[in-house]
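Open the structure in your viewer and keep the selection tool ready. We will go stop by stop.

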Amino acid sequence: MFKKIIILFIIAALASCSSSKPAIATTKKAAAVQKPRVATTKKATSSKPVVKKYPSTNNTTEVIQSTSKTVVTSNVITDYVLQYKDIAMGNMQKYGIPASIILAQGILESGAGKGDLAMEANNHFGIKCHKDWLGESVRHDDDSSQECFRKYTEASESYKDHALFLVGKNRYATLFTYEKDDYKAWAKGLRAAGYATDPNYPDKLISYIERYNLHQYDCQVTGKNYKPFDKSVASSTKSSGSNSNSDDPNLYVVQQGDTLYSISKKFNVLVDDLKRKNNLSDNALSIGQKLKVK
């Protein structure tokens with residue numbers, strides 16, 4: 001009996017030893033399964049450099065495919081003037097640039113604050129980067145593809161930089177020999193100095209100044225009496241005939257309320273043909289502007 005007990009004990013001990021081996025093997029397999037998890041983690045971290053391609057710095061450039069044409073109502077322009085007239089008059093007092101010119105350029109260059117540059121970069125004057133610009137920038141199609149334009153934190157910075165830009169560039173020095181409130185001389189001088197390549201740039205500025213009575217803000221600074229522009233002088237020459245407002249039958253003088261579309265219908269010509277004949281880069285017109293219609 002005693003021998004039987006010893007034999008049973010030995011058998012039980014052997015069974016216990018053999019059953020523990022799979023437990024060890026199972027632990028090793030479990031450990032082996034852990035390795036792919038580590039490898040997966042490493043692969044995930046390898047994607048981090050993609051984020052670093054676009055670091056946040058003061059010179060970050062945002063690439064925008066193109067600048068869209070902006071269509072606004074007169075109410076939008078009026079609201080724009082009311083919003084920025086005080087800044088314009090302040091810059092006139094400090095830097096000697098007519099407030100009317102500042103506002104007219106702001107309207108034209110920014111689409112009354114609704115254009116791409118104004119919305120994306122708070123750039124209200126179409127000022128390009130140039131070599132001395134160290135701030136942020138955006139890219140827009142202009143005279144060339146994807147040109148560099150300055151970007152500002154807020155619109156008021158754009159107004160200040162516009163003044164500093166004109167004061168600091170030698171090519172604009174002639175402008176400051178004109179009377180502060182001579183907006184016509186300033187409009188023509190800006191074009192002559194190379195601020196814009198559009199041959200109709202002066203006419204467009206003058207048109208905005210006279211249609212929206214922007215010259216009144218020059219007079220508020222200089223203390224002169226303001227005489228509103230008499231719009232009836234221009235409209236009185238408007239005729240119901242097809243082209244009686246011009247001595248040349250091939251020319252048409254733009255009147256208040258005219259658009260390229262209305263003129264194209266009047267003379268049975270395509271809008272694109274009108275733009276081509278007159279080297280127009282957009283649909284903007286100014287009162288008194290002469291267009292080739294035949």
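**Stop 1: confidence.** Colour the chain by pLDDT. This is a predicted model, and confidence is lowest in strand 1 (residues 61–63), with a mean of 24. Helix 9 has the highest confidence, at 95. Now select residues 18–68. The pLDDT is below 50 there. Beyond near neighbours in sequence, this stretch has 31 contacts in the model. Select residues 232–244 next. Here too the pLDDT is below 50, and the stretch has 18 contacts beyond near neighbours in sequence. Across the protein chain the average pLDDT is 75, and 70% of the residues score at least 70.

**Stop 2: the whole chain.** Switch to a cartoon view. The protein chain holds 12 helices and five strands. It has 294 residues, of which 37% count as buried. Now show the surface. The chain exposes about 18000 Å², and carbon and sulfur atoms supply 55% of that area.

**Stop 3: helix 4.** Select residues 99–110. These 12 residues form helix 4. From first C-alpha to last, helix 4 reaches 16 Å, close to the 16 Å expected at 1.5 Å a residue. Among the buried ones are Ile101, Ile102, Leu103 and Ile107. Show the elements that cover these buried residues: they include helix 3 (74–95), helix 5 (116–121) and helix 6 (155–168). Helix 7 (183–192), helix 8 (201–211) and helix 9 (215–222) are also part of the cover. Then step past the end of helix 4 to Gly111, whose phi is positive, near 65°.

**Stop 4: Tyr80.** Move to helix 3 and pick Tyr80. Tyr80 is buried, with a relative accessible area of 3%. Which residues does Tyr80 contact, leaving aside neighbours within four places in sequence? They are Leu103, Gly106, Ile107, Ser110, Ala112, Gly113, His124 and Tyr159. Try the distance tool on Tyr80 and Gly106. They are 26 residues apart along the chain, yet their C-alpha atoms are separated by 8.9 Å.

**Stop 5: Arg150.** Go to strand 3 (residues 147–150) and select Arg150. Is Arg150 buried or exposed? At 4% relative accessibility, Arg150 counts as buried. Follow its side chain to the backbone oxygen of Cys129, at 3.3 Å. Not counting residues up to four places away in sequence, Arg150 also touches others, including Trp133, Glu136, Asp161 and Phe165.

**Stop 6: salt bridges.** Side chains of opposite charge can pair when their charged atoms come close. The whole structure has seven salt bridges.

- Select Glu147 and Lys128. Their closest N and O atoms are 3.0 Å apart. Glu147 is in strand 3, while Lys128 is in the loop between helix 5 and strand 2 (137–140). Both residues are buried.
- Select Lys224 and Asp181. Their closest N and O atoms are 2.9 Å apart. The pair links distant parts of the chain, 43 residues apart. Lys224 is partly exposed, at 45% relative accessible area, whereas Asp181 counts as buried at 13%.
- Select Arg276 and Asp273. Their closest N and O atoms are 3.6 Å apart. They sit three residues apart in helix 12 (residues 271–277), so about one helical turn separates them. Arg276 counts as exposed, at 55% relative accessibility, and Asp273 is partly exposed, at 25%.

Note on methods
Residues numbered from 1 in each chain as written. Predicted model: local features only at pLDDT ≥ 70, side-chain atom pairs only at ≥ 80, totals over all residues. Heavy atoms only, no water. Helix = DSSP H or I, 4+ residues; strand = E, 2+ residues; numbered from the N terminus. Expected span 1.5 Å × (residues − 1). Buried < 20%, exposed > 50% of the residue type's maximum accessible area, 1.4 Å probe, protein only. Contact = heavy atoms within 4.5 Å. pLDDT = per-residue confidence, 0-100. Areas by Shrake-Rupley, 256 points an atom, 1.4 Å probe, with all protein chains shown as cover. Polar contact = N/O pair within 3.5 Å; in protein donor to acceptor, adjacent residues only side chain to side chain. Salt bridge = Lys/Arg side-chain N within 4 Å of Asp/Glu carboxyl O.
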